[in-house]
Amino acid sequence: MRGFTHINATTVDEASSAKADNGTILAGGTDVLGMEKDFVLSTSAGTMVNIKTIPDLNNIADDGGLKIGALATLTDIAESSVVNSKWSSLAEGALKVGTPQLRNMGTIAGNLAQECRCWYYRAHGNFFNCLRKGGNLCFATIGNNTFNAILGGQACFAVAASDTAIPLTALDATVVTNQRSMPIGDLFVVLGNTLGDDEIITEIQVPAPAAGTIQAFKKYARRKSFDFACASAAVSITVSGGNVSECKIALGGVAPVPWRASAAEDELTGGPVNATTAAAAAAKATDGSFVLPNNGWLISVTRAMVERAILAAV
Amino acid sequence: MTDHGSETFYVVSKAGTRDKQAVETVTGLMEAASDIFPGKKIFASELGSPHAHCRVISIDASAALALPGVEAVMDHTEVPGWQEEKYFVGDPVACVAADSFNTSQRALELIDVEYEVRPSVIDPDEAMQSGAPLTGLWPEGNTNVRTSNDRGDVAAGFAEADVTIETEDGWTNEFAIMPIEGGSTTAWWNGDDLYAWVSTQNVHSEARGLAGSFNLPYNHVHVYSHGNGGGFGGGRAPSQTVAAALALKTGKVVSHHVDRKMQAQNGGPQFATKSKIKIGAKNDGTITAWDFQYWSDQGMGSRTPMTGTQQDMQISLNVPNAHWEGIGISTNKKGRTYYRCVAHPGGAFLYGIAMHKLADALGMRPLDVYLKNFVDITVDAMDDSPRPLAFCTVKEITQEAADLLGYDQKYHPIDERVTLPDGRLHGVAIHGELDGHGGMSGNRAAIVHLRGDGTGFINAGISRTGCGTNSAHCHVVAERLGMHYEDINVGSYGDTGVSQDGGMQAGSTNATSTGAAFYVAASDAREQLLAQAAGMFDPPVNPEDLDAADRKIFQIADPTKFLTHADVCGRASRIIGHATNNWGSTLTRPVGDYPVGHNARQRVPRVSAAEVAVDPVTGEVEILKLVYITDIGRMLFEEGAKAQQEAGIDHTIAQAMIWHSIYDKESGYFLNSNFLMNGWPTSLDLPVENYEYRVAEGDSHVGPFGGTGMGEPCSGAYCSISLAVGNAIGNYPTEAPLHPWVVQKAAGTI
């Protein structure tokens with residue numbers, strides 16, 4: 001590990017300033033410190049800005065909608081009766097992250113802002129200076145792309161690693177920072193996230209589900225005990241009069257950003273939810289996919305996750 | 001007391017004895033090489049080559065040396081065994097010693113190296129092509145016929161066959177060896193004497209290696225090794241020479257801790273294999289001929305033990321006419337070695353597919369084809385020399401495993417799909433064989449000490465890697481001396497200065513080969529004990545009139561006349577039993593017409609049987625039941641043997657399902673070299689509740705008290721899992737492990 005300085009921020013403003021001054025935000029540290037230990041980037045983290053010393057950033061409350069402080073841990077969320085009462089797919093997503101130890105340390109904001117797990121990007125000692133690091137090539141496109149994006153890849157084919165981002169996308173969440181509020185979809189871009197140099201996530205807001213809304217999250221990983229998603233799906237389906245009036249389906253592990261499966265949403269909307277319609281929607285979940293030589297296996301897995309999430313929600 | 005046939009044992013094979021080193025192992029009290037001299041040592045790191053094949057032109061370490069805390073930087077001009085040409089990514093280029101591990105890591109970034117990049121090849125299929133870049137291992141190509149042997153008349157055998165099948169399968173998976181502690185070393189010098197704590201499976205071999213590297217007499221090298229968290233056959237430190245060289249240069253104690261990544265990269269993984277197999281058989285299932293060609297990716301290892309790939313098939317089945325040919329392929333990767341079963345997991349996978357395809361073609365159950373062709377106890381199928389097998393229960397345990405699985409009820413032909421209520425596909429398979437491990441080596445040594453109160457110590461020249469081998473030795477010694485298990489404890493061990501060479505601390509050989517040495521050493525002590533006791537009776541008796549059992553040294557003619565071990569040891573001068581070697585693979589009891597002392601083959605019968613549920617859409621496989629039986633002749637230490645077996649099943653599943661070292665084919669970089677990306681299963685991923693295993697005792701006629709080794713036989717027959725998946729989906733996966741895309745491909749869903 002290279003050397004870095006460490007400060008304990010006590011206010012968001014202090015943390016924001018420190019981040020802007022060559023700082024790296026440290027909350028749970030489960031991703032940031034691993035990056036440092038493996039020399040993933042070509043330069044040091046600079047100043048590690050500990051924000052766990054900022055008070056009142058870990059609340060979870062139902063205030064007409066769900067409000068989660070940036071420092072709420074994944075265990076807090078998975079075990080929260082508030083979250084489980086109306087936003088169970090989010091609780092399920094939080095529960096599927098890592099191990100109990102990682103969930104005890106990791107925070108919701110850190111889970112959203114974490115770096116990708118592409119093995120070219122994560123290579124020890126910055127072995128591959130890839131596009132995501134300022135290079136000019138996505139090495140996965142010419143190398144082993146078994147776990148890379150089948151959807152939305154644009155030059156970089158790394159996939160977003162966050163499990164909680166997928167149900168949050170299906171639940172239409174808003175990310176609040178010290179500077180703005182934005183739909184969660186605006187947080188993510190192909191090469192990472194849109195947070196500014198002095199911008200810090202402070203809260204996640206999720207609207208209360210409309211009456212008749214059902215939801216579920218399904219994740220496929222190589223190991224059941226702990227692993228990042230090869231493919232995941234979260235669904236939020238509002239049923240009115242026996243038919244789907246609104247439907248959001250988000251995919252994880254298969255795109256550089258949490259991916260809205262709009263064709264599948266359209267397919268399911270307007271009709272009943274049953275095995276037939278679930279299968280039909282799932283078949284459209286990967287519309288627009290672009291398959292690399294090694295990752296075609298993810299198509300059927302992704303569709304299966306969508307179908308199973310829909311049926312699990314019923 | 002447990003009866004085994006005509007013999008009575010008081011200690012060996014007795015239930016309830018506990019591992020004498022378990023508590024210190026699980027509480028961290030057992031010394032590991034990285035733990036030595038805390039606060040009094042400096043730390044080493046290595047810079048690896050960024051190229052798969054290159055030559056070092058120049059190295060400028062001035063910036064690294066200027067970093068505060070850096071004590072030394074060394075390269076191929078100073079480190080014994082290093083050369084200027086580098087053959088794989090990670091091949092050591094330079095090493096640093098500094099006052100902290102992080103400083104040594106940071107210093108690596110400051111070393112400026114100029115390389116001449118040379119052509120390289122990573123993929124074995126590409127390396128085989130004419131015109132492929134030369135890896136540098138061999139001067140004229142990247143392939144080498146490593147073995148080619150024949151039996152009988154192969155052409156006539158195929159002409160005689162009613163049914164012939166041909167199959168091409170592979171590649172099998174290469175997977176990294178990752179013991180709990182990497183192969184770490186802490187080394188220091190005192191004058192001309194080199195001292196080193198090394199994480200290793202072979203402490204005396206490390207001492208010899210260091211003596212050679214630094215041109216030292218053996219008695220100036222002192223190597224210690226206690227716990228190393230498992231070895232699995234490749235548990236040798238890649239760090240000892242570097243640590244010793246940096247210690248010599250700096251005059252300080254140097255710790256070279258090998259982290260997970262370096263261990264995975266430089267520890268040497270299990271190699272990958274593929275094959276082309278042709279089998280001919282009569283309609284009743286009798287095999288008439290084999291043609292078994294295989295190719296193995298050796299990386300840059302010239303001595304990769306790939307020839308074992310054919311061995312299990314070769315020794316398990318009656319094959320009157322056969323041709324075997326193994327071709328090694330060199331690629332620009334670290335030299336391949338083996339993980340807990342040399343070549344056999346891959347070999348079993350490949351020939352298991354062929355056996356099942358033969359059965360399918362014959363319209364027979366695979367179980368019946370195996371049973372039809374297994375060797376008998378007095379048939380030596382290995383090399384046609386007149387040697388019997390020490391024991392052979394492969395037919396019996398294969399049938400037993402089939403019964404435990406419910407094979408008769410659950411088997412269905414491969415072209416008959418069976419769908420479970422949840423929509424998944426159901427499959428079963430069985431694979432039995434003789435494992436080539438468990439053999440005897442006659443060059444192990446041991447020491448036994450007895451004390452005045454009638455207790456004693458063993459003094460073993462081995463470390464502790466796994467499930468209580470030293471405790472197994474205590475059982476052997478206590479049994480031989482007529483003492484109780486608690487009377488014999490583990491004394492100094494893993495110390496080359498005071499122990500005899502205990503050989504490789506491998507689960508497949510140590511309990512038996514070093515165990516035999518302890519049997520001989522205990523026999524030496526027993527002879528002294530009985531001689532001393534003989535003179536203590538009134539009137540004195542001859543030593544040959546005495547026996548020892550259950551803490552008594554008694555007159556055979558009248559067992560009521562006895563002395564205790566404490567009686568005798570209290571009056572005896574100190575009794576020390578030595579064995580400078582022991583017996584090799586020679587019979588301790590007759591087998592058929594073969595007399596005691598005749599040279600024999602010791603093989604270990606093993607069988608695995610699997611029942612699976614397969615989701616052909618996602619490629620997910622669930623193991624519903626896994627039956628595993630290993631016949632080790634005799635359980636010298638029951639708790640240890642059962643622990644080995646259960647852990648062996650864990651490894652079997654991991655080998656079948658997930659372990660796989662994946663390389664970038666352009667650069668040669670090891671893409672998934674850490675625990676997370678490599679995907680090692682945790683206990684939560686292993687269906688322990690679905691295991692059904694047994695350690696059988698078929699009574700070997702070679703090993704001490706009829707025991708054999710088991711470390712490798714109890715692991716690695718993962719082919720039953722793959723074959724069960726094939727039975728479920730109607731097509732055998734031809735690659736390992738069972739990645740979801742491998743299953744999907746076999747199922748035809750991609």
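This is a predicted model: local features need pLDDT of at least 70, side-chain atom pairs count only at pLDDT 80 or more; totals for chains, interfaces and linings use all residues.
## Reading the labels

## Where the two chains meet

Let's start at the contact between the chains. Chain B brings 36 residues to it, and chain A brings 32 residues. Together they bury about 2,800 Å², with 62% of that on carbon and sulfur atoms. On the chain B side, the residues that lose the most area to chain A are B:Tyr669, B:Leu676 and B:Trp741, which together make up 20% of what that side buries.

What else crosses the interface? There are 18 residue pairs in polar contact between chain B and chain A, counting pairs where both residues are at pLDDT 80 or more. Sorted by class, the side of chain B that touches chain A has 18 nonpolar, ten polar and eight charged residues. The rule also finds three salt bridges across the interface of chain B and chain A. B:Glu109 forms a salt bridge with A:Arg2, and the closest N and O atoms of this pair are 2.8 Å apart. As for elements, those giving two or more residues to this side of chain B are α3 (101-108), α18 (675-678) and α20 (740-747).

## Salt bridges to look up

Side chains of opposite charge can pair when their charged atoms come close. Over all chains, the structure holds 47 salt bridges.

Next up are B:Lys745 and B:Glu735, whose side chains meet in a salt bridge at 3.2 Å, N to O. Here B:Lys745 belongs to helix α20 of chain B, while B:Glu735 is in the loop between α19 (719-729) and α20, ten residues away. Are these two buried or exposed? B:Lys745 has 51% relative accessibility, so it counts as exposed, and B:Glu735, at 25%, counts as partly exposed.

B:Arg365 and B:Asp368 make a salt bridge too, 2.9 Å from N to O. B:Arg365 is partly exposed with a relative accessible area of 23%, and B:Asp368 is partly exposed at 28%. Finally, a network of salt bridges links B:Arg55, B:Glu84, B:Glu85, B:Glu116 and B:Arg118.

Now for helix α14 of chain B, which has 13 residues (469-481).

Among the buried ones are B:His473, B:Cys474, B:His475 and B:Leu481. Just after the helix, B:Gly482 takes a positive phi of about 70 degrees.

Most residues other than glycine have a negative phi, and most peptide bonds are trans. Some places in this model go the other way. B:Ser13 has a positive phi of about 70 degrees even though it is not a glycine. You'll find B:Ser13 in the loop between β2 (7-9) and α1 (22-26) of chain B, and it is buried, with a relative accessible area of 6%. In chain A, A:Asp56 also has a positive phi, near 65 degrees. A:Asp56 lies in the loop between β3 (47-50) and β4 (60-62) of chain A and is exposed, with a relative accessible area of 63%.

And where are cis peptide bonds found? One runs from B:Gly170 to B:Trp171, with omega near 10 degrees; B:Trp171 is in the loop between β10 (163-170) and β11 (185-190) of chain B. Another joins B:Asp538 and B:Pro539, with omega of about 0 degrees. B:Pro539 has its place in the loop between α15 (510-534) and β22 (546-549) of chain B.

How values were computed:
Residues are numbered from 1 along each chain as its sequence is written. Chains are lettered from A and ligands numbered from 1 in the order in which they are written. Side-chain values use heavy atoms; hydrogens and water are left out. Helices (H or I, at least four residues) and strands (E, at least two) are DSSP runs, numbered from the N terminus. The expected span of a helix is 1.5 Å times one less than its number of residues. Buried means under 20% relative accessible area, exposed over 50%, partly exposed in between (1.4 Å probe, protein chains only). Contact means heavy atoms within 4.5 Å. Buried area is the accessible area (1.4 Å probe) that two parts lose on being put together, summed over both. A salt bridge is a side-chain nitrogen of Lys or Arg within 4 Å of a carboxyl oxygen of Asp or Glu. A polar contact is a pair of N or O atoms within 3.5 Å; within protein, one must be able to donate a hydrogen and the other to accept it, and residues adjacent in sequence count only if both atoms are side-chain atoms. Ala, Val, Leu, Ile, Met, Phe, Trp, Tyr, Cys and Pro count as nonpolar, Asp, Glu, Lys and Arg as charged, and the others, Gly among them, as polar.
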